[in-house]
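Morning, everyone. I have one structure to walk through today. Please take a look at the screen.

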Amino acid sequence: MTNNETYDVLTIDTVSRQLGITPRTLRYYEQFGLISPALRTNGGHRLYEQNTIDRLKQILRLKDYLGISLQEIQEVMEAEESLKDIRQTFHENAESADVQRVLVNEYIDVLHNLIEKMNSKIENVVTMRDMYQEQVERSLHFMDELKKR
């Protein structure tokens with residue numbers, strides 16, 4: 001970073017406090033390939049731009065809401081990048097309806113794959129919930145039997 005350049009960046013400590021995660025988690029996400037810091041200071045400290053922070057927020061939403069692994073998060077993030085690229089290519093080919101049709105089909109395929117992954121995750125969570133609900137019902141029945149003694 002030169003003296004003439006101004007960047008809207010945040011340090012690893014600021015980002016970790018803002019998002020409620022540890023600096024170690026940020027470094028791990030970087031090692032895993034989910035994020036990469038935009039810049040480093042002369043001393044080697046990580047600096048994050050807003051687009052990386054937005055990506056981190058998306059990663060945390062996926063992790064918290066869906067309870068998915070980092071590998072699955074990476075797949076979702078790659079699919080979202082693919083969707084972004086398809087949209088850009090679509091707009092660049094405004095004169096060609098044939099190309100746009102192919103791109104819309106590709107876009108739909110990517111979305112269907114994302115939906116399938118999420119449906120699978122939801123089914124697994126529902127199955128687990130149902131198993132616990134069944135245990136509650138058996139336990140309540142057992143309690144009723146104990147009260148009769």
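At what angle do helix α2 and helix α4 pack, and how far apart are their axes? The angle is about 65°, and the axes are 11 Å apart. Axes here are lines fitted to C-alpha atoms, for helices over the stretch in contact, and angles run from 0 to 180 degrees between N-to-C directions. Helix α2 covers residues 23–32, and helix α4 covers residues 70–92.

A word on the source. This is a predicted model, where local features need pLDDT of at least 70, side-chain atom pairs count only at pLDDT 80 or more, and totals for chains, interfaces and linings use all residues. Residues are numbered from 1 along each chain as its sequence is written, and side-chain values use heavy atoms, with hydrogens and water left out.

Back to the helix pair. The crossing of α2 past α4 is right-handed. Which residues make the contact? From α2, they are Y28, Y29 and F32. From α4, they are L70, Q71 and Q74. Contact means heavy atoms within 4.5 Å. By class, that gives 4 nonpolar residues, 2 polar and no charged ones. For the classes, Ala, Val, Leu, Ile, Met, Phe, Trp, Tyr, Cys and Pro are nonpolar, Asp, Glu, Lys and Arg are charged, and the others, Gly among them, are polar.

Stay with Q74, in helix α4. Is Q74 buried or exposed? Q74 counts as buried, because its relative accessibility is 17%. The cut-offs are under 20% relative accessible area for buried, over 50% for exposed, and partly exposed in between, with a 1.4 Å probe and protein chains only. Setting aside residues up to four places away in sequence, Q74 touches F32, G33 and L34.

Now the whole chain. It has 5 helices and 3 strands. Both are DSSP runs, numbered from the N terminus: helices are H or I with at least four residues, strands are E with at least two. From the N terminus, the order is β-α-α-β-β-α-α-α.

What is the radius of gyration of the chain? It is 23 Å, whereas a compact globule of 149 residues would be near 15 Å. That radius is taken over C-alpha atoms, and the globule rule is 2.2 Å times the number of residues to the power 0.38. The C-alpha trace spans about 85 × 50 × 20 Å along its principal axes. Of the 149 residues, 25% count as buried.

First, T52, in helix α3, residues 50–66. T52 counts as buried because its relative accessibility is 8%. Apart from residues up to four places away in sequence, T52 touches I35 and S36.

Next, H45, in the loop between β2 (39–40) and β3 (46–49). H45 is exposed, because its relative accessible area is 55%. Leaving aside neighbours within four places in sequence, H45 is in contact with L39 and R40. H45 and T11 are 34 residues apart along the chain, yet their C-alpha atoms are separated by 7.5 Å.

Last, I122, in helix α5, residues 97–148. I122 counts as partly exposed, because its relative accessibility is 45%. I122 and L66 are 56 residues apart in sequence, and 8.0 Å apart in space, C-alpha to C-alpha.

Definitions and conventions
A crossing is left-handed if the near helix is turned anticlockwise from the far one by less than a right angle, and right-handed if clockwise.
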